[in-house]
Amino acid sequence: MHPGNILVTKRFYEAPPPEHEEYDYLLTDFGGGGYVGYHSVVSSSGKFECHVGDYIAPEIKIGGSGSVEADVFSLGCIGRTLVSLRRTISAKKGSIDWENIPKALKTILDECTSSNPLERPQIYPLISRLEGLYVPKLIEDETAWSVWDGDRSDLTVLKIDATANQPGGHVARARAQVEEMLRRFG
Amino acid sequence: MDFYGITELQVDEIGIIHLASNGFKSTEEKLFLVFERASEGNLLEFVEQHFINATREESWSIVIDALTCIASGLNDLDRRHLSHG
């Protein structure tokens with residue numbers, strides 16, 4: 001599994017259409033046996049490419065057969081690719097606030113790409129952990145972002161209520177939520 | 001991904017598909033598997049397109065949505081005792 005054989009399509013809705021476009025990610029091209037080599041996938045503009053061999057778990061490279069653990073490894077590699085692509089593109093745009101990878105996401109990706117298959121997360125708990133990674137809704141609210149980017153991985157599930165965006169109120173409210181979370185998990 | 005079926009189409013020497021209705025006289029016919037159309041291309045092409053104009057919030061949402069969606073796809077495979085490879 002690698003970024004070249006995951007296809008993306010717009011999610012289909014009956015009317016009314018959603019406020020934001022949503023997408024489905026489709027796994028294709030099963031049976032990776034033929035891919036244990038180092039051919040590349042290049043994006044349509046030719047600017048980005050990935051080496052397919054880099055997504056294969058180490059135990060498969062030395063002759064093991066496919067497993068869900070090996071797929072989790074590939075998923076971790078895909079996550080790392082997305083994060084670094086994001087950084088590359090934002091560096092070109094000249095933004096500096098894009099650098100941090102949220103601690104909780106980094107932990108997940110590190111665990112997924114462990115060379116020991118037994119140390120990789122089980123797939124079902126992994127989904128809940130990924131779903132728990134809410135992105136702060138208040139883009140200007142540096143309190144929320146500093147929590148999201150910070151070291152306390154349990155705080156990364158904090159979801160800031162977007163309706164709290166009142167003059168002079170939202171930062172204080174976000175801070176109160178952070179303190180509440182600290183009290184609960186601290 | 002939905003699988004719609006198998007079709008037989010006329011193909012010229014360099015592999016371009018021609019519909020029977022345009023009167024093209026084909027040298028050969030080939031069988032094709034017909035799947036659901038993925039409008040945004042592969043993952044690499046998709047994120048390259050979308051990261052350029054995305055805000056910080058949107059771009060992280062793309063990363064997390066993609067990983068969550070792929071993980072649940074792997075979970076579906078696992079429940080059927082399959083691996084992607």
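**Ground rules.** I worked with a predicted model, in which local features need pLDDT of at least 70 and side-chain atom pairs count only at pLDDT 80 or more, while totals for chains, interfaces and linings use all residues. Residues are numbered from 1 along each chain as its sequence is written, and chains are lettered from A, and ligands numbered from 1, in the order in which they are written.

**Each chain on its own.** I began with the elements, taking helices (H or I, at least four residues) and strands (E, at least two) as DSSP runs numbered from the N terminus. Chain A has six helices and four strands, which run β-β-β-β-α-α-α-α-α-α from the N terminus on. Chain B has two helices and three strands, in the pattern β-β-β-α-α along the sequence.

I then looked up burial, where a residue is buried if 20 or more other C-beta atoms lie within 10 Å of its own, exposed if 12 or fewer, and partly exposed in between, with C-beta atoms placed from the backbone. Of the 186 residues in chain A, 32% are buried, and for the 85 residues of chain B I noted 26%.

For contacts, I counted two residues whose C-beta atoms, placed from the backbone, lie within 7 Å. Among contacts with a separation of 6 or more, residues 24 or more positions apart account for 51% in chain A and for 28% in chain B.

**Where the chains meet.** I found that the contact takes 49 residues from chain A and 37 residues from chain B. On the side of chain B, helix 1 (43–53) and helix 2 each supply at least two residues, and the largest share, 18 residues, comes from helix 2 of chain B.

**The helix pair.** Which angle do helix 2 of chain A and helix 2 of chain B make as they pack? Helix 2 (residues 68–93) of chain A and helix 2 (residues 56–79) of chain B pack at about 170°, with axes 10 Å apart; axes are lines fitted to C-alpha atoms, for helices over the stretch in contact, and angles run from 0 to 180 degrees between N-to-C directions. The two helices are therefore roughly antiparallel to each other, a label for angles over 145 degrees, with under 35 counted as roughly parallel, 65 to 115 as roughly perpendicular and the rest as oblique. Among the residues that make this contact are Leu75(A), Ile78(A) and Gly79(A) from chain A, and Ala66(B), Leu67(B) and Ile70(B) from chain B.

Leaving aside neighbours within four places in sequence, Leu67(B) is in contact with Leu75(A), Gly79(A) and Leu130(A).
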